[in-house]
Amino acid sequence: MKIGENKFMPELPDVEVFKRYLDSTSLHKTIKKVEVKDKKILEKTTAKKIKSKIEGKKFNDSKRHGKYLFINLEKKLSLMLHFGMTGFLKYFKNMDDESGHSRILFTFDNGYYLSYDCQRLLGKVRLIENISDIIKEKNLGPDALSIDIHFFKDIFENKRGGIKSALMNQKNIAGIGNIYSDEILFQTGIHPKAKVNNFDEILIKELYTKMKNVLNTAIEKNANPDNFPKNFVIPQRKKDGKCPIDGVALKKIRVNGRETYFCPKHQEKL
DNA sequence: AGTACCACCTGACGGC
DNA sequence: TGCCGTCAGGTGGTAC
């Protein structure tokens with residue numbers, strides 16, 4: 001992946017792809033060396049601690065919750081990775097192939113490297129004991145792929161406010177960001193400014209189904225918009241983008257301060 | 001509770 | 001050509 005050509009916007013599907021990439025490249029190898037190249041991405045830890053806790057150990061397995069990735073090293077020791085908006089992982093053999101904004105570099109005993117790259121330094125890396133502590137501390141809701149319909153319905157119970165911010169609020173559901181919330185609303189025909197208190201049972205169920213479908217499909221396609229089905233709007237989130245269903249020009253508005261694309265013809269449900 | 005800001009950051013882009 | 005302002009987007013903080 002070339003610098004500046006990063007197609008990933010680290011929301012749930014992207015982080016799931018990172019997880020699978022990590023699992024297939026970086027597990028069960030002794031980590032000879034860890035180099036923190038920019039400590040701005042560290043949260044409640046130091047480069048020294050990262051080094052002393054990780055060197056000599058192995059990544060055993062990983063878990064994802066929302067946009068967070070947790071890599072287990074041993075009992076009571078995991079590495080938390082959050083990718084901000086420009087983060088990704090890269091596994092490579094030659095240092096010539098190191099990505100342009102490598103912030104932490106792991107060296108394995110097989111001669112390969114794993115880099116945590118984060119151009120805008122908005123990501124976070126931290127040493128933790130338990131995943132559940134972090135979910136509690138950050139007040140994260142259930143993961144969008146494992147949330148059941150009853151929890152999902154709670155988002156609409158006794159609440160006001162807009163659907164887009166409700167979907168993006170990590171305390172309600174973990175994993176959905178600006179890009180995928182647009183896709184989910186597009187697929188359900190819901191206007192991005194719709195208010196949650198107007199949602200009836202049928203629409204909530206439909207939204208739930210489409211949410212899972214959009215996220216699972218994106219993962220299946222490696223979170224690469226070039227591979228997305230023809231009826232997805234994400235590849236059209238750009239200047240002169242057209243609705244892949246109606247062919248009309250997409251509208252670009254701001255919702256809760258976020259750039260939002262929608263089809264004025266079929267996203268009418270308020 | 002919900003909204004409306006700001007800050008953190010870098011680099012791409014448009015205006016002049 | 002090059003300088004400068006603006007803005008993307010996740011999270012977290014504050015103020016209303």
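## The E3–E4 hairpin

Strands E3 and E4 form a hairpin in which two residues lie between them, and Lys76 in the turn has a positive phi of about 65 degrees. This description concerns a predicted model. Strand E3 covers residues 68–74 and is antiparallel to E4, to which six bridges join it. Within this pairing, Leu69 has Leu81 of E4 as its bridge partner.

Strand E4 comprises residues 77–82; six of its six residues are buried, so the strand is largely enclosed by the rest of the structure. In a regular strand, side chains alternate between the two faces of the sheet. In E4, Leu77, Leu79 and Leu81 point one way, whereas Ser78, Met80 and His82 point the other way, and all are buried.

Strand E4 also pairs with E8, in the antiparallel sense and over five bridges. Here the bridge partner of His82 is Lys124 in E8. Leu127 has its place in strand E8 as well. With a relative accessible area of 16%, Leu127 counts as buried because this value is under 20%. Leu127 and Leu79 are 48 residues apart along the chain, yet their C-alpha atoms are separated by 4.8 Å.

## The second largest pocket

Several residues of this region also line a pocket. The second largest pocket has a volume of about 160 Å³. Its lining consists of Lys44, Thr45, Lys49, Lys53, Glu74, Lys76, Leu77, Leu127, Ile128 and Glu129. Helix H2 (47–54) and strand E8 (124–128) are the elements that give two or more residues to this lining.

By class, the lining of the second largest pocket divides into six charged, three nonpolar and one polar residue.

## The surface near DNA strand C

DNA strand C is surrounded by 17 residues, of which the closest are His82, Met85, Arg120, Arg254 and Arg258. Of the atoms of DNA strand C that come within 4 Å of the protein, 62% belong to sugar and phosphate. His82, listed among the closest residues, is one of the buried residues of strand E4. At least two residues of the surface near DNA strand C come from each of helix H6 (178–188) and strand E10 (258–262). This surface has seven charged, five polar and five nonpolar residues.

For Lys67, a polar side-chain atom lies 3.0 Å from a phosphate oxygen.

## The surface near DNA strand B

The residues that surround DNA strand B are Lys40, His101, Gln119, Arg120, Leu121, Leu122, Lys159, Arg160 and Gly161. Sugar or phosphate supplies 81% of the atoms of DNA strand B within 4 Å of the protein, and bases supply the rest. The classes represented are four charged, three polar and two nonpolar residues.

An N or O atom in the side chain of Arg120 is 3.3 Å from a base oxygen, whereas a backbone N or O atom of Arg160 lies 2.8 Å from a phosphate oxygen. Arg120 is also one of the closest residues to DNA strand C.

Conventions: Residues are numbered from 1 along each chain as its sequence is written. Chains are lettered from A and ligands numbered from 1 in the order in which they are written. This is a predicted model: local features need pLDDT of at least 70, side-chain atom pairs count only at pLDDT 80 or more; totals for chains, interfaces and linings use all residues. Side-chain values use heavy atoms; hydrogens and water are left out. On a 1 Å grid over the protein atoms alone, a cavity is a set of points where a 1.4 Å probe fits but cannot get out, and a pocket is an open set with protein on both sides within 12 Å along at least five of seven lines; lining residues have an atom within 4 Å of a point. Grid points are joined across faces, edges and corners, and a volume is the space filled by probe spheres set on the points. Helices (H or I, at least four residues) and strands (E, at least two) are DSSP runs, numbered from the N terminus. Ala, Val, Leu, Ile, Met, Phe, Trp, Tyr, Cys and Pro count as nonpolar, Asp, Glu, Lys and Arg as charged, and the others, Gly among them, as polar. A residue is near a molecule or strand if one of its heavy atoms lies within 4 Å of it. A polar contact is a pair of N or O atoms within 3.5 Å; within protein, one must be able to donate a hydrogen and the other to accept it, and residues adjacent in sequence count only if both atoms are side-chain atoms. Buried means under 20% relative accessible area, exposed over 50%, partly exposed in between (1.4 Å probe, protein chains only). Two strands pair if DSSP finds at least two bridges between them.
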